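Please have the model open while you read.

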Amino acid sequence: MKHPRNNKKIDFARKLRKEMTKEERHLWYDFLKDYPVRFRRQEIIDSFIVDFYCDKARLAVELDGSQHYEEEKEIYDEERTKRLSELGINVIRFSNSDVLRNFEGVCERIGETVEKAIHPSAAHGGSSPQGEP
């Protein structure tokens with residue numbers, strides 16, 4: 001499914017890809033880049049640029065630095081998440097410290113979220129691949 005995008009942000013998205021934070025680089029190069037379901041970096045959706053996006057799972061993954069915990073930025077993030085949700089996109093957020101201190105947990109949560117989005121019946125008590133309950 002195609003999502004709306006503001007093409008005026010292409011140059012800025014390219015700049016963000018070149019200047020990823022160390023946490024974004026870690027998540028990208030050590031997990032998402034070779035993930036079996038394709039993710040893209042700095043994807044333009046509507047008038048926003050999300051850190052990582054998986055179209056097949058309709059999932060945006062955002063990494064938040066300390067500036068995201070200021071009141072004004074929290075309000076902006078809430079409005080942004082609401083708009084993305086209206087477009088049918090699920091947003092999950094992690095702090096930069098989550099990525100550094102609990103990398104495996106972050107990867108596990110992303111993987112579980114992708115699986116639930118792609119195979120919803122399996123996530124809701126459907127049968128296992130071997131036919132077991």
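1. Let me begin with the surface: the protein exposes about 8500 Å², of which carbon and sulfur atoms supply 47%. These accessible areas come from the Shrake-Rupley method with a 1.4 Å probe, and for residues only the protein chains shown count as cover.

2. A word on the basis of these notes. This is a predicted model, in which local features need pLDDT of at least 70 and side-chain atom pairs count only at pLDDT 80 or more, while totals for chains, interfaces and linings use all residues. Residues are numbered from 1 along each chain as its sequence is written, and side-chain values use heavy atoms, with hydrogens and water left out.

3. On the overall build, the protein has 6 helices and 4 strands (DSSP runs numbered from the N terminus: helices are H or I with at least four residues, strands are E with at least two). Along the sequence they follow the pattern α-α-β-β-β-α-β-α-α-α.

4. The 4 strands form an open sheet with mixed pairing, in the order S1-S2-S3-S4; two strands pair if DSSP finds at least two bridges between them. At the edges are S1 (40-45) and S4 (90-95), each pairing on one side only. From one strand to the next the twist averages 45° (axes are lines fitted to C-alpha atoms, for helices over the stretch in contact, and angles run from 0 to 180 degrees between N-to-C directions).

5. Do have a look at S3 (residues 59-64), which pairs with S4 in the parallel sense over 6 bridges. Leu63 has Phe94 in S4 as its bridge partner. Helix H5 (residues 103-118) packs on the sheet and touches S3 and S4, its direction making about 175° with that of S4; contact means heavy atoms within 4.5 Å.

6. Helix H2 (residues 22-32) lies across S1, S2 (48-54) and S3, and runs at about 25° to S2.

7. Which residues does Gln42 touch? Not counting residues up to four places away in sequence, its contacts are Ala13, Leu16, Arg17, Glu24, Ile49, Val50 and Asp51. Gln42 is found in strand S1 and counts as buried because its relative accessibility is 3% (buried means under 20% relative accessible area, exposed over 50%, partly exposed in between, with a 1.4 Å probe and protein chains only).

8. Finally, buried residues make up 38% of the 133 residues in the protein. Of the contacts with a separation of 6 or more, 62% are between residues 24 or more positions apart.
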